[in-house]
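Biologist: Before we start, please show me the model. I would like to learn how to read its features one at a time.

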Amino acid sequence: MAVTERLCRVDEIESGTARRFEVGPHRIALVRIGDEFYAIGDRCSHADFSLSEGEVWADERELECWKHGSTFSLVTGEPQTLPATMPVPVYKVHVEGDDVIVEIE
């Protein structure tokens, strides 16, 4: 059963940035690129560092771990570069009015 949770208002996150949210036991990195939003697990699968503190690669639709440089697909959660080899979770995200909503399975 999916749970939906409001994370923030659309205007509270700038394009090209990431922000961390905690929803129950889930730590989520919300990324905005233009008018699109992506939500992935905020813990790097390589060494448990916060992905939301890393650089957003807008053209590639990736988020870089600031500590060791692994990048993760915002679409699939798959690592795109080493040293990470395991994916991070991805979450469905959509906008309702002015609110950004995440869906957690």
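Biologist: How many aromatic pairs does a search of the whole structure find?

Modeller: The search of the whole structure finds one aromatic pair. The model is a predicted one, where local features need pLDDT of at least 70 and side-chain atom pairs count only at pLDDT 80 or more, while totals for chains, interfaces and linings use all residues. Residues are numbered from 1 along each chain as its sequence is written, and side-chain values use heavy atoms, with hydrogens and water left out.

Biologist: How is a pair of aromatic rings described?

Modeller: A pair of aromatic rings is described by the distance of the centres and the angle of the planes. Rings of Phe, Tyr and Trp (its six-membered ring) pair if their centres lie within 6.5 Å; planes under 30 degrees apart count as stacked, over 60 as edge-to-face and the rest as tilted. Here F49 and W66 are edge-to-face, with 5.4 Å centre to centre and 85 degrees between the planes. The pair links distant parts of the chain, 17 residues apart: F49 is in the loop between β4 and β5 (56-57), and W66 is in the loop between β6 (62-64) and β7 (71-73). Helices (H or I, at least four residues) and strands (E, at least two) are DSSP runs, numbered from the N terminus.

Biologist: Why does F49 count as partly exposed?

Modeller: Buried means under 20% relative accessible area, exposed over 50%, and partly exposed in between (1.4 Å probe, protein chains only). F49 counts as partly exposed because its relative accessibility is 24%. W66 is also partly exposed, with a relative accessible area of 43%.

Biologist: Which residues touch the most other members in the largest nonpolar core?

Modeller: A nonpolar core is a set of buried Ala, Val, Leu, Ile, Met, Phe, Trp, Tyr and Cys residues joined through side-chain atoms within 4.5 Å. The largest one has 15 residues, of which V31, I40, L51, L63, F72 and L74 touch the most other members. Two or more residues come from each of β3 (26-33) and β4 (36-41), and β3 gives the most, with three. Another core, of 14 residues, lies apart from it and includes F21, F37, Y91 and I104.

Biologist: What is the order of the strands in the open sheet?

Modeller: Two strands pair if DSSP finds at least two bridges between them. The open sheet of three strands has the order β5-β6-β7, with antiparallel pairing. β5 and β7 are its edge strands, each pairing on one side only. Two bridges join β5 to β6, and W57 stands opposite E62 in β6.

Biologist: Which strands pair with β9?

Modeller: β1 (residues 3-9) pairs with β9 (residues 99-104) in the antiparallel sense over six bridges; the bridge partner of R9 in β9 is D99. β8 (residues 90-96) also pairs with β9 in the antiparallel sense, over five bridges, and V95 stands opposite V100. The hairpin of β8 and β9 has two residues between the strands, and G97 takes a positive phi near 65 degrees there.

Biologist: Which residues other than glycine have a positive phi?

Modeller: Most residues other than glycine have a negative phi, and most peptide bonds are trans. D48, in the loop between β4 and β5, has a positive phi near 55 degrees. R61, in the loop between β5 and β6, also has a positive phi near 55 degrees. D48 is partly exposed at 49% relative accessibility, and R61 is partly exposed with a relative accessible area of 26%.

Biologist: Where is the cis peptide bond?

Modeller: The cis bond joins L82 and P83, with omega about 15 degrees. P83 is found in the loop between β7 and β8.
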